Amino acid sequence: MTYLFLGYTVIWTAIFLYILSLHRRLEAVRRELKALDAERGGAEAPR
Amino acid sequence: MRFLPWVAYVLVGLALWLGLVFAPPEAVMGQVVRLLYFHVGSAWNAFLAFGVVLIGSVAFLRTRAPRWDRLAAASAEIGVVFTTVTLLSGMFWARAVWNTWWRWEPRLTTTALLWFIYVAYLILRSSVEEPERRGTLAAVVGIAGFLDVPLVYFSARWWGGFHPSAVEMSGSMVLALVASVFAFTALYAELLGLAVATRAAEDRLARLRAGARP
Amino acid sequence: MPFWAQVAAVVAREWRAELGRPDMVVSFLVYGLLLVLVFTLAVNPLAVDVRPSAAGLLWIGFFFAALAGFQRSFAREREGDAMLGLRAAPLDAAALYYGKLLFGSALLGATELVVAPAFLNLANVRPVSSAGLAGALALGSAGLAAVAALVAAVAASLRSGEALLPLLGLPLLAPLALGAVRLTDAALTGALVPAALWLRVLVAYDMIFLVLPLVVFPYIAEE
């Protein structure tokens, strides 16, 4: 029972952290892209 | 595609309920059998992910289209995550049932080696700047690594070992297992889309930056 | 130029380079002997019976020696920018790989002829079957050289390639760590192993990694 609990905790924490990190990475890049686009006044159309 | 995250997370929730509440404890292992549902699901995801790495690698070498490289890279990353989950859940299960954290047994050996191969693959990727070169070298390692896997598996099998491949399961346990495999497959698809999109955005950012500095 | 002539040209070029500065021989030999020395110090064969693990220790030495030696072979291309020069010459990229592999394997074989007896003497192991030992070493070394050369070629085009080499190479060499070591063990100590099965693993391994570069090496060499 202890190991079941520990196992579930560990695997779902790992999966959750990975999903979270992916979302954060995507958000960060999107923010930078937006900033870059704004800087150029929309000179470069999004590809 | 917009519904994919919802499908994935609802399925995962459902699988969790089936595995934790709906399915009965097993006669010999007791409650610990509940680890197996997600152990099998993540192992399936890991192999699926590394298969996709192989496909992406071969396609990248043939076509030179960056999107294949992004697919391989994203899938390798997810594969490593699920290999880690497989190993960890397996270790907790083994501690409870075998009374040891680890056994040198074919599938364990193979999975551990897979982990090392694809971690090396990811480290290799992080140490090359130039995208085309990175894709090419990574593809070669992706292909060689995948070819290594069956050899490791059979070697480890003849080395001797034991893995429970067929546990006596009741109908509701099979249902929980199948649900977890489906849920994890959907989760894989969702994460793959996310990871590929991240890499595409990163590549675009790098291109824009390179263009800004002539 | 036919393929075999190109391979021969690469071998001749390697030979000349090696005469000029014996990078590979030094790497193979020094690594091999150094590991033998360190193993002997670490395990102390005077106090412990090392016979059961002798084959494994020997092969770990060969693994690192092969990775280091082939690393020098491809780093040489980089330093002289000869990879570029070769690509300009009408030379098949695969010929470059197989030429280097052929030359490197010969050197590796020669190194093993020195290192293996040295280790067995230090470790006090008398091989049960010398012919079997030679066979196991030859079969294992073919695959070892093929993989080491491929991985070294990949690492040569990286900034931190040397550091990555064992990380990339050792997981790929794992089937050898099982197959070649078990066969060598059988030849050294007469241990009972399913030799036919291990032979099949080794032959399959050798074939896969001797043929794979034919397909993938041209991609590595292009720049």
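Me: Which residues are linked with A:Arg25 in a network of salt bridges?

Reply: Good place to start! Side chains of opposite charge can pair when their charged atoms come close. In this predicted model, the network of salt bridges links A:Arg25, B:Glu77, B:Arg199 and B:Glu202.

Me: How many salt bridges does a search of the whole structure find?

Reply: Over all chains, the search finds 12 salt bridges. Let's look at a few of them.

Me: With which residue does B:Asp69 form a salt bridge?

Reply: Its partner is B:Arg125, and the closest N and O atoms lie 3.0 Å apart. This pair links distant parts of the chain: B:Asp69 belongs to helix H3 (residues 66-97) of chain B, while B:Arg125 belongs to helix H4 (residues 106-126) of chain B, 56 residues apart.

Me: Is B:Asp69 buried or exposed?

Reply: B:Asp69 counts as buried because its relative accessible area is 9%, and buried means under 20%. B:Arg125 is buried too, with a relative accessible area of 9%.

Me: Now chain C. Which residue forms a salt bridge with C:Arg21?

Reply: That is C:Asp23, with 3.0 Å between the closest N and O atoms. C:Arg21 is partly exposed, at a relative accessible area of 47%, whereas C:Asp23 is buried at 13% relative accessibility.

Me: And what separation do the closest N and O atoms have in the salt bridge of C:Asp23 with C:Arg72?

Reply: For C:Asp23 and C:Arg72, those atoms are 3.5 Å apart. Here again distant parts of the chain are linked: C:Asp23 is in helix H2 (residues 23-43) of chain C and C:Arg72 in helix H3 (residues 51-79) of chain C, 49 residues apart.

Conventions:
Residues numbered from 1 in each chain as written. Chains lettered and ligands numbered in written order. Predicted model: local features only at pLDDT ≥ 70, side-chain atom pairs only at ≥ 80, totals over all residues. Heavy atoms only, no water. Salt bridge = Lys/Arg side-chain N within 4 Å of Asp/Glu carboxyl O. Helix = DSSP H or I, 4+ residues; strand = E, 2+ residues; numbered from the N terminus. Buried < 20%, exposed > 50% of the residue type's maximum accessible area, 1.4 Å probe, protein only.
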